[in-house]
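Please take a moment to look over the sequence and the 3D structure shown below. The paragraphs after them lead through the structure step by step.

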Amino acid sequence: MIEAIDHIGIAVKDLEASLPLFQEIFQPTDIHRETVAEQGVHIASFKVGEVLLELTAPTSDDCPIAKFIAKKGEGIHHIAFRSDGIGADLQRLSDAGIRLVNEEPVDGAHDMKVAFMHPKSTNGVLMELCQSALS
Ligand code: CO
């Protein structure tokens, strides 16, 4: 079941260039940094209430986030929803005819299993399901 918004992914070209602006706006006390090699991203994230804002920068020019920025520019990249059963939710979405980027969950940041729906199936909105891999 999809339970809540977990995080909002924001595509930026360069974390160090963008982070001061977001720090100025939100004044986070704790910033989590991580590189997810499998996804080709460097991230810096912090909580705003219950939701993480996740600045996401490409690790190279040919990873998906770099292609997104080249095509659409910096900005909101995806919305991630927390699931309590990502496998069952993916099956349900697939059965409903929604195209999935990831048929099976892959490793994401924050020790999460993640999977994306294809934006062509979802009114152009890139949406992710995520579930903690630790619980
Ligand atoms: Co995400």
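**A strand, a metal site and a helix**

Glu128 is found in strand β8, where strands (E, at least two residues) and helices (H or I, at least four) are DSSP runs, numbered from the N terminus. The model is a predicted one, in which local features need pLDDT of at least 70 and side-chain atom pairs count only at pLDDT 80 or more, while totals for chains, interfaces and linings use all residues. Residues are numbered from 1 along each chain as its sequence is written, and side-chain values use heavy atoms, with hydrogens and water left out.

Glu128 is one of the residues that coordinate the cobalt ion, which is held by His7 (NE2), His78 (NE2) and Glu128 (OE) at 2.0 to 2.1 Å. Donors here are N, O and S atoms within 2.8 Å of the metal (3.2 Å for Na, K and Ca), and water is not among the atoms, so sites may look incomplete. Along the sequence, the donor residues follow the spacing H-x70-H-x49-E. Distant parts of the chain are linked by the pair of His78, in strand β5 (residues 75-83), and Glu128, in strand β8 (residues 127-132), which lie 50 residues apart.

Both His78 and Glu128 are buried, a term that stands for under 20% relative accessible area, whereas exposed stands for over 50% and partly exposed for values in between (1.4 Å probe, protein chains only). Although buried, Glu128 has no salt bridge, and the nearest side chain of opposite charge, Arg82, is 10 Å away. A salt bridge would need a side-chain nitrogen of Lys or Arg within 4 Å of a carboxyl oxygen of Asp or Glu; for charge, Lys and Arg count as positive and Asp and Glu as negative, with His and the chain ends not counted. Leaving aside neighbours within four places in sequence, Glu128 is in contact (heavy atoms within 4.5 Å) with residues including His7, His78, Val114 and Phe116.

The strands belong to an open sheet of eight, in the order β2-β3-β4-β1-β5-β8-β7-β6, with mixed pairing; two strands pair if DSSP finds at least two bridges between them. At the edges are β2 (32-36) and β6 (106-107), each pairing on one side only.

In helix α2 (residues 64-72), Ile65, Ala66, Phe68 and Ile69 are buried. Seen down the axis of α2, these buried residues fall within an arc of 160° (taken from the directions from the helix axis to the C-beta atoms), so they line one face of the helix. On the other side of α2, Pro64, Lys67, Ala70 and Lys71 are exposed. The cover over the buried residues of α2 includes β1 (2-11), β3 (41-48), β4 (51-58) and β5.
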